[in-house]
Structure formats: structure tokens, C-alpha cells
Amino acid sequence: MGKGLDVGTSFIYCAERQGREMTFRSQRDAFFDIEYSDFTQEMLTKSKVNYIKKGDHLYVVGNEAIKFANIFNRDARRPLSKGIISPSEKEALPMVELVIKSVIGTPNHDGEIVYYSVPGTPIDADFNLIYHEKIIHGFLTKQDYIPKSINEGLAVVFSELADEGFTGIGISFGGGMANVCLSLMSVPVVTFSLTKAGDWIDQQVAMAVDETQSRICAVKESNLDLTKEEGLTKIETALSIYYNYLIEYVLKNIRKEFEKKRRMPRIDKPITIVLSGGTTLPKGFLQRFKGILSQIPLPVEIGKVKMASEPLHSVAKGALIAAIAEEERR
Amino acid sequence: MRGIPPRTMSDVWWGRKEKIKEKTIIVRKVIRERAQGLDEEAVREILREYTEDVLNTLAEKITNRAFSSGVAKRENQVEIKTAFIDPSEEVEMEHNFERLGKVEKSQTDIQDVVESLKKIKPEGK
């Protein structure tokens, strides 16, 4: 069978195939602590809320963590706030494990293969990627899966560029990171990640207009239109500016990394860029990207730029495709 | 009978009223005299100070009421003790979970994509 797992900053998605259709199960990558009492524990159990009891605290995990955070007017904690599990967030490990368990469930058969996404090496920060990868690997092995990692950008290529022979550039604009992969015939040639993405936009705009990040995020996710040029509110104007900056930042770094690459393989025909991730959801993102791309030429010839068919699910879908292909080869 | 007629209650009542009226007239005269000596600006200043005092007192009361619950909440806030957890150590946890989460379905058939990947990707790589 096989499963695909997208371990993201904001959400964790699991994709699996059921007959001719795919099922995507998601949970918020967040947890919230409340003081323990017998009554509270009983209430959570009866409501089927995911929680962990540790010492004199109860930790609500997943989608309900955000609801509880809103009720108590506090912030939920996000163990993957910058895209990976940090060694300093050891307290969050059981929470991440529980969220992963709750979306992936038990294997359909012994030794089922699951491909889980990992970010590329960040070029604008110093992160410990090995720790993150090994921790997720350990969680999945405990669940009796055979886990394998796949670069997030490559998963986007697998999901969307089958018609192009899995050749092209896959870019995932997530919450904590933007991941880029140049793939040739399914082989990753250049992969890297950048730590400026959706959350960075929220933070910068919040500082610029003196609003809370939650409010900025709500505006961004509800009715932001990047094609609109007049009648913009203060928040929309700031969001538009920072979206421009983010796209320029990503393209300039793509150009820099491609130019740095020794022995860049020769590509005979123009390649396709595919965009995915929650940060690409606002209307007009594709046009904005194309416009900025025309001003920042890349060392490879670009033919087409397109959006992923399901921007939120591309990474999980690509990981699922890799898992099924490997299962069928066995 | 000659002499001072006896005072009735009505006389007493009206008498008191007359005295109050006289006193009031006298007080009004005094205030007018004193007020004439006061500058218009000085009167405004007195009124301003009085109003500020009243408003400050009200503002303080309103602020205390509004934030008293918030202050209480902050004092009762649970702080997470960031204890180091070695991944190798056995942590006793009770947990309750089922395979939950938001479920979305997609009608896309990916078998063709899987076949393409199997052809193009060398086995074991």
C-alpha cells in the first residue's frame, strides 16, 4: 500500500490511497498545556480530545490545541516553529509523536513503507537537520513502519511533474520554510531551503502595521487578493509588499545556488516550475511570481510556471507516490 | 384678649421658611460678591481640576475592574517547567488518542504517475 507524510510547521498531513481515490488526514502541529485534574482528564477523554498527561499537566495536542488556546486567550505552542524539531524542544517530542500517530494510524500491513518529508539544508540559517530526520524516523519505526525520507521540493516534483518526466523545479512555500528542488528525471540535482516563508510574512507585517500575527494571518488566509491594486487596506498593502519581497528573495537565492553548482547538468529544453504550499493560496500569487521571475532571470531556461493541483497536499501526495512505487517494486 | 396672638403650627412653618429664605438671599449675595472678584479663567481652572479629579477616579475604577480578571488569570497561569527529556528515557505518559484529524478526499488517480515513476527511477535508487 504505502503512505506519504508531510511533516510541516503548521500542519502534518498523511496521504494514503483507498481504491482509486486518495485520502488526506491532517492535524495541527501544535499543543497546549492545562493544569491536571481528574475532572479535566475525564472531560478530555469523553470528548475524544488528543492529550498527553505528564506529571501535573495535561497537554492537548493537534487541532483542539488551537481551540483551547483561543478559549484561554493564550498561544498554543508549535514544536516545529521553524520547520524542524529543534534539539532544544525536547519537551515537545511526545507531542509531535502523538500528532504523527493520530494522522498516520497503524500500518495496513507489517513493514508498510512510509515516505516522510524533510526540508532541504537551509542556506540562510544554521539548523540541525539530522536530529529532526532521525527523530521522525524513530517515531515511525516504533509504529512498525519502514520509514524513508524524501526532500520536500522533490515530493512536489513527484506530485506535479509526471508529464514532464519528473524534470523541473518544485517549490514548496510552507509556513516555516520555503523548499526548492531542481530535479532531472526524478533525481534531485539542487535542493535547499530558506527560512523566510508564511510565518515570516505574518511577523513582518504585524510589526509594520502594529497588529497581532493572528490577525495578519487571518486576513492573509481569508480575502487577500494580490491582483488588487487599488482600495487596499493598510494590512493588505503590507502583505502585498512582503509577498513581493519573499518571492524576490526565493528567486534570487535560486539563481545564486544554480550559479554556485559545479557541473550543472545540461538541460536541452525549457523546464517547468511548480508552486505549492499554503503560502501560495492567495489569489494572484502565480501572476505575481511570474511577474517577478521575468525580472530575475535564472541560469536555466524556464518554460512554464504553474500552481500545484492541490497546493496544500502536494508534498504528502508526492511522498505517497514514492511510497506506492517502492511498495509495488518489492 | 389683647397681646400677641398665639403662634399656630402654620405660623411656625412659614416662619422657618422665611428665615431660610432670608439666609439663602444673604448667601447668594455673598457668593455673588466673592464671584465678582474671581477671574473667569480662575473659575475655569477650578472646574477643570475638579473634573480631572473625578475623571481620574473613575478611570482608575474602570481600569481596575477591567483588568482585575486578567491579572488574576496571569497570576494563575500555569508555567511549563521546561524539563530536559532525554529521548532515551522512559517517560510515563497516559495518552488518549484515536486516529483523528480532518479528512479530505481527492478523486485523483495516481496509478499512472506511480507507473511513470517506476519506469524512470532506477530500482533501489
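This is a predicted model: local features need pLDDT of at least 70, side-chain atom pairs count only at pLDDT 80 or more; totals for chains, interfaces and linings use all residues.
1. Together with A:Phe289, A:Ile171 has the most contacts inside the largest nonpolar core, a set of 43 residues.

2. As for where this core comes from, at least two residues each are supplied by strands S9 (168-173), S10 (178-184), S11 (187-194) and S12 (271-276), and by helices H6 (198-209), H7 (213-223), H8 (234-260) and H9 (285-295), each of these elements belonging to chain A. H8(A) provides the largest share, 11 residues. Another core, of 31 residues, lies apart from this one and includes A:Phe24, A:Leu320, A:Ile324 and A:Ala325. As general background, nonpolar side chains tend to be buried together in soluble globular proteins.

3. Helix H2 of chain A, residues 63-72, deserves a separate look, with A:Glu64, A:Ala65, A:Phe68 and A:Ala69 among its residues that are buried. Viewed down the axis of H2(A), the buried residues fall within an arc of 145 degrees, and they therefore line one face of the helix. An α-helix has 3.6 residues a turn, so residues three or four places apart point the same way. The face of H2(A) turned away from the buried side carries A:Lys67 and A:Asn70, which are exposed.

4. The cover over the buried residues of H2(A) includes strand S4 (31-35), helix H1 (38-46) and strand S6 (57-61), which are elements of chain A. After H2(A) comes A:Asn73, for which phi is positive, near 55 degrees.

5. An open sheet of six strands runs in the order S8(A)-S7(A)-S1(A)-S2(A)-S3(A)-S2(B), with mixed pairing. Strand S8 (145-151) of chain A and strand S2 (102-106) of chain B stand at the edges with a single partner strand each, so that one side of each is left without a neighbour in the sheet. From one strand to the next, the twist averages 20 degrees.

6. Within the sheet, strand S2 (residues 11-18) and strand S3 (residues 21-28), both of chain A, pair in the antiparallel sense over eight bridges, and A:Tyr13 stands opposite A:Ser26 in S3(A). Helix H3 of chain A, residues 93-104, packs on the sheet and touches strand S1 (3-7), S2, S3, strand S7 (112-118) and S8 of chain A, while its direction makes about 155 degrees with that of S3(A).

Methods: Residues are numbered from 1 along each chain as its sequence is written. Chains are lettered from A and ligands numbered from 1 in the order in which they are written. Side-chain values use heavy atoms; hydrogens and water are left out. A nonpolar core is a set of buried Ala, Val, Leu, Ile, Met, Phe, Trp, Tyr and Cys residues joined through side-chain atoms within 4.5 Å. Buried means under 20% relative accessible area, exposed over 50%, partly exposed in between (1.4 Å probe, protein chains only). Helices (H or I, at least four residues) and strands (E, at least two) are DSSP runs, numbered from the N terminus. The arc is that of the directions from the helix axis to the C-beta atoms. Contact means heavy atoms within 4.5 Å. Two strands pair if DSSP finds at least two bridges between them. Axes are lines fitted to C-alpha atoms, for helices over the stretch in contact, and angles run from 0 to 180 degrees between N-to-C directions.
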